[in-house]
Amino acid sequence: MNKPPEKARRKIFLDSEFTGLHRNATLISLALLADSGEEFYAEFTDYDKSQLNDWVKENVIVHLFLDGTSQSGGKQGQMHIKGDTRVVKSALEAWLSRFGPEKDAIQVWGDCPPWDWVLFCELFGGAFGIPENIHCMPMDLATLFHMKTGSADTGRVSFAGEGIKDLGLEQHNALYDVHLIKSCYAKLVK
């Protein structure tokens with residue numbers, strides 16, 4: 001049976017850093033990058049610091065870079081913000097609205113996104129609260145790697161090679177990682 005092709009959706013890549021792999025984890029940072037280049041990056045001021053283990057302190061916290069509460073970047077569609085969950089959610093809703101109100105207009109892609117997706121949805125009070133322009137099923141880069149290369153464990157940085165531009169950031173910073181996800185995706189689907 002032939003299915004009609006799925007409607008075209010704007011792709012937005014998602015990555016986050018959080019306090020641990022457990023059910024009470026809280027967001028430390030969040031990054032989204034549209035296929036057209038618009039960028040959203042947030043650092044949370046209200047994450048649960050009591051949950052930080054040495055790995056998170058040494059690999060995530062050290063890569064946070066925002067001072068103050070809000071910054072808009074030099075390029076159109078770039079939003080960098082630091083604040084509590086309420087402030088970040090409000091800024092994120094405004095940023096996402098730029099992609100139109102159409103139901104399911106946005107397809108979210110993450111690399112092994114279960115944790116990122118659940119924490120993203122929690123910003124809106126759960127999956128039933130996400131903005132209507134976001135499709136409810138995230139897509140997984142790791143699955144795409146498995147399908148295209150035979151291995152979901154392919155090293156992302158070496159695979160992206162020249163595709164990842166120098167952002168002056170390090171791996172395990174959500175903004176760096178979301179650019180890496182987009183670069184790997186582009187290379188896998190070309």
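Predicted model: local features only at pLDDT ≥ 70, side-chain atom pairs only at ≥ 80, totals over all residues.
Let me begin with Glu39, which is buried at a relative accessible area of 4%, where buried stands for under 20% relative accessible area, exposed for over 50% and partly exposed for what lies in between, with a 1.4 Å probe and protein chains only. Glu39 sits in strand β3, and its side chain makes a polar contact of 2.5 Å with the side chain of Gln78; a polar contact is a pair of N or O atoms within 3.5 Å, and within protein one must be able to donate a hydrogen and the other to accept it, while residues adjacent in sequence count only if both atoms are side-chain atoms. Strands (E, at least two residues) and helices (H or I, at least four) are DSSP runs, numbered from the N terminus.

Residues are numbered from 1 along each chain as its sequence is written, and side-chain values use heavy atoms, with hydrogens and water left out.

Which residues of α2 are buried? They are Val88, Ala91, Leu92, Trp95 and Leu96, and, seen down the axis of α2, they fall within an arc of 135°, taken from the directions from the helix axis to the C-beta atoms, so they line one face of the helix. In general, an α-helix has 3.6 residues a turn, so residues three or four places apart point the same way. Among the elements covering the buried residues of α2 are β1, β2, β5 (78–83) and α3.

Finally, Asn173 lies in the loop between α5 (156–160) and α6 (174–189), and Asn173 is buried, with a relative accessible area of 1%. Leaving aside neighbours within four places in sequence, Asn173 is in contact (heavy atoms within 4.5 Å) with Glu17, Tyr41, His63 and Phe65, and its side chain reaches the backbone nitrogen of Leu175 at 2.8 Å.
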